Amino acid sequence: MSEQNITRRSRGDPRTGKTDWARVEQQTDAEIERAVVSDPDAAPLLDDAWFEQAEVVVPSKEMISIRLDSDVLDYFRSSGNRYQTRINAILRAYMDAQRRKTG
């Protein structure tokens, strides 16, 4: 590996980058919006109307009784409030992965 392709940094020598932050801070919202609209790689800007029309779909939950190993339950409970939500998220991730395999 060539030494000339290696960049070394230390805490005493932080990266400064090439961005002219003073120029960026002077831009108005309208100028920034025009720049974003003219950039073909930029994601579309979402306006207030989009957020008013957006619909958040939360799957309904069903209360069940489930038996878990006590050490598994202790682990999730010890990680803080909303442990059931975390268990649900893990089960959802597993379900999604299985669906991708078979789908």
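Student: How many positive and negative side chains does the protein chain have, and how far apart do the centres of the two sets lie?

Tutor: In such a count, Lys and Arg are positive and Asp and Glu negative, while His and the chain ends are not counted. The place of a charge is taken as NZ of Lys, CZ of Arg, CG of Asp or CD of Glu. Here the protein chain has 16 positive and 18 negative side chains, with 10 Å between the centres of the two sets. Please note that this is a predicted model, in which local features need pLDDT of at least 70 and side-chain atom pairs count only at pLDDT 80 or more, whereas totals for chains, interfaces and linings use all residues. Residues are numbered from 1 along each chain as its sequence is written, and side-chain values use heavy atoms, with hydrogens and water left out.

Student: What is the mean pLDDT of the protein chain, and which elements have the lowest and the highest values?

Tutor: pLDDT is the predictor's confidence in each residue, from 0 to 100. Where pLDDT is low, the predicted coordinates should not be read in detail. For the protein chain the mean is 87, and 94% of the residues reach 70 or more.

Student: What radius of gyration does the protein chain have, and what would a compact globule of 103 residues have?

Tutor: The radius of gyration is taken over C-alpha atoms, and the globule rule is 2.2 Å times the number of residues to the power 0.38. A compact globule of 103 residues would come near 13 Å, but the protein chain has 25 Å. Along its principal axes, the C-alpha trace spans about 60 × 50 × 35 Å. A35 is found in helix 2 (residues 29-38).

Student: What percentage of the residues of the protein chain count as buried?

Tutor: Buried means under 20% relative accessible area, exposed over 50%, and partly exposed in between, with a 1.4 Å probe and protein chains only. Of the 103 residues, 4% count as buried. A35 is partly exposed, at 41%. R82, in the loop between helix 4 and helix 5 (83-102), is exposed, with a relative accessible area of 61%. Phi of R82 is near 65°, a positive value in a residue other than glycine.

Student: Which aromatic pairs does a search of the whole structure find?

Tutor: A pair of aromatic rings is described by the distance of the centres and the angle of the planes. Rings of Phe, Tyr and Trp (its six-membered ring) pair if their centres lie within 6.5 Å; planes under 30 degrees apart count as stacked, over 60 as edge-to-face and the rest as tilted. The search finds two aromatic pairs. W50 and F51 are edge-to-face, 4.9 Å centre to centre with 85° between the planes. Y75 and F76 are also edge-to-face, at 5.4 Å and 85°.

Student: Is F76 buried or exposed, and what of Y75?

Tutor: F76 counts as buried, at 13% relative accessibility, whereas Y75 is exposed, at 56%. In the other pair, W50 is partly exposed, at 43%, and F51 counts as exposed, at 52%.

Conventions. Helix = DSSP H or I, 4+ residues; strand = E, 2+ residues; numbered from the N terminus.
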